[in-house]
Amino acid sequence: DDNFATIVNGVEEGRIAYRNIRNVIYLLIAAGIAEVATVGLAVLVGLPLPLLPAQLLWLNIVTNGIQDVALAFERGHGNELASPPRRPDESVFDRLMVERGLLAGGWMAAVGFGAFVLMLESGITVEMARSDLLLLMVLLQNVDAFNARSETLSAFRNPLANNPLLAAGVCAALLLHVGAMHVPLMQRVLDIGP
């Protein structure tokens, strides 16, 4: 129709959709940086691989498979029309996204790599250290999914009621991983244990 309010609503929905796409991309970038940096650091210092290929694939399933779809359904925060229009030639990969991805991915990699080194130094077997690291990375990346909901709002200031699908997805992913740790077939496939 030719109602001006319809145009305003369309602009608002377009901005929400664009923001949600950016949030999903950020989540994938941060997770990828964390995984590559963790494995890369271990290879550089001569440690055993901290995560096996099957474990990396599983990690991506339980940290990105559900959460990226849920992030696409993030509701508006109420301030979508407050900012000026973005430039048409503006890249999706702007400085803010790169900085956020590097910061979150680097932090998760540092915590994961540090935990792996500490576990090995404490005498835990490589297999058990990998299993524990996989659980830690699942937790860290699922927590980061809540951080991915907004570029400007803290995860603590962004109500979960705005995206109950994400909260349910994170819970489901955590339960799926904990379940896999206790199912004999998954224990063999992923080389993990409870």
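The model is predicted, so local features need pLDDT of at least 70 and side-chain atom pairs count only at pLDDT 80 or more, while totals for chains, interfaces and linings use all residues. Residues are numbered from 1 along each chain as its sequence is written, and side-chain values use heavy atoms, with hydrogens and water left out.

**Whole chain.** The C-alpha atoms fill a box of roughly 70 × 35 × 25 Å along the principal axes. Of the 194 residues, 36% count as buried (under 20% relative accessible area, 1.4 Å probe, protein chains only).

**Second largest pocket.** Select Val143, Asp144, Phe146, Asn147 and Ala155, which are the closest to the centre among the 13 lining residues of the second largest pocket. A pocket is an open set of points on a 1 Å grid over the protein atoms alone, where a 1.4 Å probe fits, with protein on both sides within 12 Å along at least five of seven lines; lining residues have an atom within 4 Å of a point. The volume of this pocket is about 250 Å³. Helix H4 (95–121) and helix H5 (126–147) each supply at least two lining residues.

**Largest pocket.** Move to the largest pocket, with a volume of about 580 Å³. Of its 17 lining residues, Arg15, Tyr18, Arg19, Ser83 and Glu151 are the closest to its centre.

How values were computed: Grid points are joined across faces, edges and corners, and a volume is the space filled by probe spheres set on the points. Helices (H or I, at least four residues) and strands (E, at least two) are DSSP runs, numbered from the N terminus. Buried means under 20% relative accessible area, exposed over 50%, partly exposed in between (1.4 Å probe, protein chains only).
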